[in-house]
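Dear colleague,

I am passing on the structure we spoke about, and below it you will find my notes on what came out of it. Please read them with the coordinates open.

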Amino acid sequence: MINPNNISLNISHALEFIDGHALNIPTLKILGDNGEILDGATAPELDKETALKIYSTMRFIRLLDERMQAAQRQGRVSFYMQCLGEEAAVTASAAALKHDDMIMAQYREQAALAYRGFSLDNFMNQMFSNELDLGKGRQMPIHYGSNELNYMTISSPLGTQIPQATGYAYGQKLNHIDAATGELASEIDNVTICYFGEGAASEGDFHAGLNMAAVHKAPVVFFARNNGYAISTPADEQFKGDGIAARGVGYGIKTIRVDGTDTLAVYAATQAARKIAAEQGDPVLIESIAYRLGAHSTSDDPSGYRSKDEEAEFRAACPIERFKSWLLKQGWLNEAEDEAAKDKIREEILAALKVAEKVQKPALEELVSDVYDTPIPALQKQYEELKEHIKQHPEAYPVTAGRIK
Amino acid sequence: MAKMNMLHAINSALDITMAEHPQACIFGEDVGYFGGVFRATSGLQEKYGKHRVFNTPLTEQGILGFANGLAAFGAPALAEIQFADYIFPAFDQIVNESAKFRYRSGNEFNVGNLTIRTPYGGGIAGGLYHSQSPEAYFAHTPGLKLVVPRNPYQAKGLLRACIKDDNPVIFFEPKRLYRASVGEVPEEDYEIELGKAEVVKEGSDVTLLAWGAQMEIIEQAAEKAQEAGISCEIIDLRSILPWDVETIAKSVTKTGRLIISHEAPITNGFGAEIAATIQQECFLHLESPILRVCGLDTPYPLALEKEYVPDALKVFSAIKKSVEF
């Protein structure tokens with residue numbers, strides 16, 4: 001039978017609505033609060049080296065966030081965003097990927113970049129927008145990016161990375177055109193992971209990106225970080241459906257919901273999702289459930305919209321402590337060594353901060369470079385005029401005046 | 001050389017690109033088997049496969065989001081927006097993403113592989129939503145290039161240059177001329193340099209400047225002027241961003257008069273930018289105020305389209321006004 005409407009051919013004679021919450025999607029949880037594997041759950045295959053790398057990345061990010069939050073309060077950086085409460089969701093998902101898979105993140109995923117090997121100095125140079133910043137001092141703190149590490153530079157507008165991830169992943173697939181048939185192979189080397197929050201999922205780009213990924217079979221692992229809040233707006237004022245996961249089914253995308261504070265559940269789900277994307281060339285949606293323990297950013301104060309009691313409840317369920325308990329049970333981590341490592345990391349962070357804040361700002365040329373591959377004539381003219389003006393008033397422009405050629 | 005209309009010329013430029021780069025993709029609404037509502041991509045899916053020439057769902061923001069991602073990956077992304085009137089859902093992806101991709105990343109990533117093709121302009125009884133000329137919105141965005149061809153030869157050469165240029169480019173296609181404009185076009189590959197205006201006809205009394213479909217109109221006005229003994233220099237701007245100040249300034253320095261004509265509403269149209277720059281460059285050479293003959297500040301009309309458009313008679317009136325000032 002032809003099916004022009006592209007629907008399941010399932011005729012009923014009873015007038016019946018399907019409930020808006022008919023799916024009742026479960027949340028995968030593997031690791032218990034005390035580091036035990038829960039009854040009926042299967043721990044993913046996770047070797048000691050990877051497990052410790054996940055842990056040390058989470059530990060590093062927690063300490064970096066603490067220090068930089070304080071640095072913002074001291075007026076040393078203009079802005080910061082913490083990953084607090086979501087370290088497991090971001091780190092374990094990044095760990096389940098290949099090193100050369102593309103990461104297209106929203107902004108709170110510094111742990112994924114740290115896992116890839118972004119150096120402490122790179123983090124600092126970006127936050128101080130100095131001349132060593134890979135982004136040439138053009139974006140606010142935490143808008144990291146690295147071509148070498150396959151981490152797409154962060155863009156402030158929300159959700160724009162979602163359809164872009166679909167296009168990027170489609171490109172990864174184009175690397176595998178069968179020379180004989182000219183057709184696309186379904187099995188591919190690399191996939192793209194795309195992170196976004198439950199608030200960003202209200203943007204039209206979410207719909208565009210997921211629908212196109214499903215239609216065009218783009219190998220994207222969509223990773224929705226449902227952390228309960230979009231700045232001050234709670235999730236129940238953001239949508240009425242069963243989280244973000246229910247929408248995946250609407251697009252015909254394989255979907256799973258995981259406890260985002262459970263390192264093992266996130267790792268297992270992302271590993272399985274990556275396998276589907278790489279072997280079948282299909283997108284997958286993961287909805288991670290966690291709680292944004294910190295403020296949205298340093299410009300936000302959650303005490304105006306949520307209670308201390310609510311925060312305390314979620315603070316008790318620390319994703320890092322839970323994973324640490326598992327590592328201790330495995331005999332892979334030593335408490336005393338862990339504490340010593342934290343002290344050392346704190347020192348390193350402070351030292352790197354002190355170096356980066358003294359590095360000079362980018363040269364004036366970086367104001368006009370990279371708008372185009374080469375400056376267009378009108379911009380070149382404006383640049384020459386600006387240089388002349390600064391030369392005439394060097395005292396007014398101390399950052400660049402001394403370095404104009 | 002072959003006789004081609006503008007659609008054939010565009011199709012030829014796309015065909016060359018698809019053959020040249022095994023990862024180049026053409027996508028948009030109805031561009032697949034159907035070949036696009038104007039047939040610009042006709043036959044290309046059969047030739048290059050469904051995975052490289054394909055219909056997208058009806059989502060302009062999705063088309064441009066996808067295109068940005070594909071271009072950032074490194075594949076030539078040839079996105080079609082069916083009518084320029086419908087480009088606005090993609091405005092954020094173009095203005096905040098395509099245009100800023102290289103700058104914001106410090107050149108870690110770029111979307112230089114992106115080319116957006118979109119039919120623009122009136123003259124087809126298209127009313128409000130099939131007639132607009134939205135170039136000025138995009139001309140206010142550093143990081144983009146904007147190009148408009150006036151005939152089939154220009155269309156092929158400029159489109160090939162847009163595709164090969166390492167910056168995101170919007171290629172506005174004058175839909176009124178798709179089939180109406182026919183000319184000799186080389187079957188082989190060639191490019192026309194971006195950012196360069198062309199003096200189409202030399203003259204001495206007044207400079208007429210336009211682009212795209214409006215070129216035909218100012219040429220008609222110039223003929224009327226010639227009958228009245230006025231010699232017009234006719235220039236096709238071709239690239240709106242970056243635009244060729246030098247060629248225009250040189251011409252106005254010679255003629256002392258400038259008339260700019262575009263279909264888009266006059267207020268904040270690109271003609272305003274040109275007038276401001278040229279009065280600065282040519283102040284002491286100007287014999288009369290720079291005039292603009294443009295669309296009215298209304299939405300694009302339907303029944304009263306003839307009254308709305310900057311037709312040859314309106315341009316001719318402006319020529320006389322300029323010369324008699």
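Helices here are DSSP runs of H or I with at least four residues, numbered from the N terminus. The model is a predicted one, and in it helix H1 of chain A, residues 48-73, is followed by A:Gly75, whose phi is positive, near 80°.

That helix has 26 residues and reaches 38 Å from its first C-alpha to its last, which is close to the 38 Å expected at 1.5 Å a residue. Among the buried residues of H1(A) are A:Ile54, A:Tyr55, A:Phe60, A:Ile61, A:Leu64 and A:Met68, and they also include A:Arg62 and A:Asp65. The cover over the buried residues of H1(A) includes, from chain A, helices H2 (87-95), H3 (110-116), H4 (120-127), H8 (263-280), H10 (319-330) and H11 (335-356).

The domain assignment divides chain A into domain 1 (27-357) and domain 2 (364-403), and the centres of these two domains, taken over C-alpha atoms, are separated by 38 Å.

Turning to chain B, it has twelve helices and 14 strands, and its C-alpha trace spans about 60 × 45 × 40 Å along the principal axes. Its radius of gyration is 19 Å, which agrees with the value near 20 Å that a compact globule of 325 residues would have. Buried residues make up 59% of chain B, and of its contacts between residues at least 6 apart in sequence, 80% join residues at least 24 apart.

An unreviewed UniProt entry annotates residues 4-180 of chain B as "domain: Transketolase-like pyrimidine-binding"; the end C-alpha atoms of that span lie 10 Å apart, and the span is 36% helix and 16% strand.

Definitions and conventions:
Residues are numbered from 1 along each chain as its sequence is written. Chains are lettered from A and ligands numbered from 1 in the order in which they are written. This is a predicted model: local features need pLDDT of at least 70, side-chain atom pairs count only at pLDDT 80 or more; totals for chains, interfaces and linings use all residues. UniProt positions are given in the numbering used here, feature names are shortened, and annotations may be inferred rather than shown by experiment. Helices (H or I, at least four residues) and strands (E, at least two) are DSSP runs, numbered from the N terminus. Domain bounds come from an automatic or database domain assignment. The expected span of a helix is 1.5 Å times one less than its number of residues. A residue is buried if 20 or more other C-beta atoms lie within 10 Å of its own, exposed if 12 or fewer, and partly exposed in between; C-beta atoms are placed from the backbone. Two residues are in contact if their C-beta atoms, placed from the backbone, lie within 7 Å. The radius of gyration is taken over C-alpha atoms; the globule rule is 2.2 Å times the number of residues to the power 0.38.
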